[in-house]
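Q: I would like to learn how to read a model like this one. Please take me through it feature by feature.

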Amino acid sequence: MDANVVVMGKESVGKSALTVRLLTRRFIGEYGDIESIYSHSVSVDGREITLNIWDSPYSEKKVQWADGYVLVYSICDRASFNAVCRLVQAIKSAKDYLNVDKAPIVIVGNKRDLHHRRTVLSEEGRLLALKTDCHFYEVSAAENYHSVLMVFDGLVDRMKDAKLTV
Ligand code: GDP
Ligand code: MG
């Protein structure tokens, strides 16, 4: 089984860091701006699911391709949070247009380790998710592998619930 996941958000919020963390368990610090599609296998209820994860500065182009979305902002970058607010709306209206409303969206506030530079409150992320029927996590790609794993595990669960991977 295959499921397509697209990682979206403003530049430098940590899209590549999150993706590479999931795939290698490592945080390497600097990532290029290379358009990449990664394959990653997860096992759900004894079944193997291959995630095709699109990490790209141009990920908006992949809206229609996706079965699930990871929308990333940095808790230290207000503009990146505003960008995620706009992305949620854009995806929702694209999905209305395509008549597919089941592809789940996870909103991720990254760089939680930089709490001393925080400009976006956790509550703001949580409220946005509540209002738009998305899920929400605050994570640190730099310091917490487990938090990153929760994001993708959560998404896979919801894609499975949406029966998009059946
Ligand atoms: P992208 O443009 O969204 O793909 O962002 P990158 O993954 O390239 O990350 C941009 C910068 O933020 C890099 O210097 C990363 O090392 C840094 N970064 C990414 N995630 C974190 C994090 O969780 N904490 C901290 N402190 N830095 C991070
Ligand atoms: Mg990147």
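Q: Which helix gives the most to the shell around ligand 1?
A: First, some conventions: this is a predicted model, in which local features need pLDDT of at least 70 and side-chain atom pairs count only at pLDDT 80 or more, while totals for chains, interfaces and linings use all residues. Residues are numbered from 1 along each chain as its sequence is written, and chains are lettered from A and ligands numbered from 1 in the order in which they are written. Helices (H or I, at least four residues) and strands (E, at least two) are DSSP runs, numbered from the N terminus. A residue is near a molecule or strand if its C-beta atom, placed from the backbone, lies within 6 Å of it. Here helix α1 (residues 15–24) gives the most, with three residues.

Q: Which residues come nearest to ligand 1?
A: Of the 18 residues around ligand 1, the nearest are G14, K15, S16, A17 and A142. For classes, Ala, Val, Leu, Ile, Met, Phe, Trp, Tyr, Cys and Pro count as nonpolar, Asp, Glu, Lys and Arg as charged, and the others, Gly among them, as polar. By that scheme the shell has six nonpolar, seven polar and five charged residues.

Q: Is A17 buried or exposed?
A: A residue is buried if 20 or more other C-beta atoms lie within 10 Å of its own, exposed if 12 or fewer, and partly exposed in between, with C-beta atoms placed from the backbone. A17, found in helix α1, has 24 such neighbours and therefore counts as buried. Contact means C-beta atoms, placed from the backbone, within 7 Å. Leaving aside neighbours within four places in sequence, A17 is in contact with F27, Y31, A141 and A142. The C-alpha atoms of A17 and A141 are separated by 6.0 Å, although the two residues are 124 apart along the chain.

Q: How do α1 and α4 cross?
A: Axes are lines fitted to C-alpha atoms, for helices over the stretch in contact, and angles run from 0 to 180 degrees between N-to-C directions. The axes of α1 and helix α4 (residues 145–161) come within 9 Å and cross at roughly 95 degrees. That makes α1 roughly perpendicular to α4 (under 35 degrees is roughly parallel, over 145 roughly antiparallel, 65 to 115 roughly perpendicular, the rest oblique). L18, R21 and L22 in α1 meet Y145, V148, L149 and F152 in α4. This contact has six nonpolar, no polar and one charged residues.

Q: In what order do the strands of the sheet lie?
A: Strands of a sheet pair through backbone hydrogen bonds, either parallel or antiparallel. Two strands pair if DSSP finds at least two bridges between them. Six strands form an open sheet with mixed pairing, in the order β2-β3-β1-β4-β5-β6. β2 (36–44) and β6 (135–138) stand at the edges, each with a single partner strand, so one side of each has no neighbour in the sheet.

Q: Which strand does β4 join, and through how many bridges?
A: Six bridges join β4 (residues 68–74) to β5, and the two run parallel. Y73 has G109 as its bridge partner in β5. Four bridges join β5 (residues 105–110) to β6, also parallel, and the partner of I107 in β6 is F136.

Q: How many residues of β5 are buried?
A: In a regular strand the side chains alternate between the two faces of the sheet. Six of the six residues of β5 are buried, so β5 is largely enclosed by the rest of the structure. I105, I107 and G109 lie on one side and V106, V108 and N110 on the other.

Note on methods. Two residues are in contact if their C-beta atoms, placed from the backbone, lie within 7 Å.
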